[in-house]
Amino acid sequence: MIEKINQLLSEIETLQISNLDELEALRLKYLSKKGAINALMADFRNVAAEEKKTIGIKINELKNKAQEKFNDLKEQFESKDNGALELDLTRTAYPIELGTRHPLSIVRNEIIDIFARLGFCIAEGPEVEDDWHVFSALNFAADHPARDMQDTFFVENNEDDEKIQNNIILRTHTSSVQSRVMEKQQPPIRIICPGRVFRNEAISYRAHAFFHQVEALYIDKNVSFTDLKQVLLLFAQEMFGADTKIRLRPSYFPFTEPSAEMDISCNICGGKGCPFCKGTGWVEILGCGMVDPNVLELNGIDSKTYSGYALGMGIERITNLKYRVNDLRLFSENDTRFLREFESAY
């Protein structure tokens, strides 16, 4: 048996392989249950008692040598295989396709950056809201058309006037974030509220059932309409260019008084008149106004001490003006041909 063990040791020490199949064949021949080493162990019971110690040591030495040789060959083969896959720095780089942000994300980030430089911080809130934060806390009358099912998506709808504030809806504007902040925080408040909103609209090139808004709220002592106007002018010029002009037209919103809609000089024709601005030289981009005292009181803020302004805009609207996208559906269809047009926009 000693001669057989020595013969196997000699074979194992000189083993070489060229592929993984040969490595597996080696394992089966020497280390498997039916291999040569296990066969020696089976014959070990027939060895004379006085030789068992010597032969046992030799068999263990053989088994260890075989396992070490197998591990060494495996490591050498894997190292050789990996070396073939190393990066050749002399080769020309593979073309790597650049990704891009979504155009709405690009414009959203631009808007946030402008207001951040004015001291506004981001506030966020839930998309599934209650009637109180979306409507009642913002001075919407109980019979306001916005509360109708043809305008709003209701998750839970209670027609009882006394329980209408418990209705659960998909928020129709990000003003609900403003009401949540006001009820928890005393002025000064200076926030910007970006987010997705939902309205029961027929989907077309100019309208969608969901879209995105950014609203801003500033409440402090002695805040005036002049402060609002200056912020609006700065925003318009930062977003559309230093030559941009603005004009404010009287309007109505339940949560602001006085209220206005803001137009900018058409960024396509420079205010001279074109089909995009319908020959007027002006394009409407947002609504704004001074926060109605009722809204302040409803949210626990003393309207005799504090005043404030609010403004809101649709991100899709700003994106349309900035990049001249004439179909709102493109923003949500995930057409890579459309998205590739913005590879260098951010």
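**Close-up views of a predicted model**

**View 1. Arginine 101 in the loop between helix H4 (52-83) and H5.** Helices (H or I, at least four residues) and strands (E, at least two) are DSSP runs, numbered from the N terminus. The structure is a predicted model, in which local features need pLDDT of at least 70 and side-chain atom pairs count only at pLDDT 80 or more, whereas totals for chains, interfaces and linings use all residues. Residues are numbered from 1 along each chain as its sequence is written, and side-chain values use heavy atoms, with hydrogens and water left out. Arginine 101 is partly exposed, with a relative accessible area of 42% (buried means under 20%, exposed over 50%, partly exposed in between; 1.4 Å probe, protein chains only).

**View 2. Serine 259 in strand E8 (residues 256-265).** Serine 259 is buried, with a relative accessible area of 7%. Its side chain makes a polar contact of 2.5 Å with the side chain of threonine 256, and a polar atom of the serine 259 side chain lies 3.4 Å from the backbone nitrogen of phenylalanine 253 (a polar contact is a pair of N or O atoms within 3.5 Å; within protein, one must be able to donate a hydrogen and the other to accept it, and residues adjacent in sequence count only if both atoms are side-chain atoms). Leaving aside neighbours within four places in sequence, serine 259 is in contact (heavy atoms within 4.5 Å) with residues including Arg249, Tyr252, Cys288 and Gly289.
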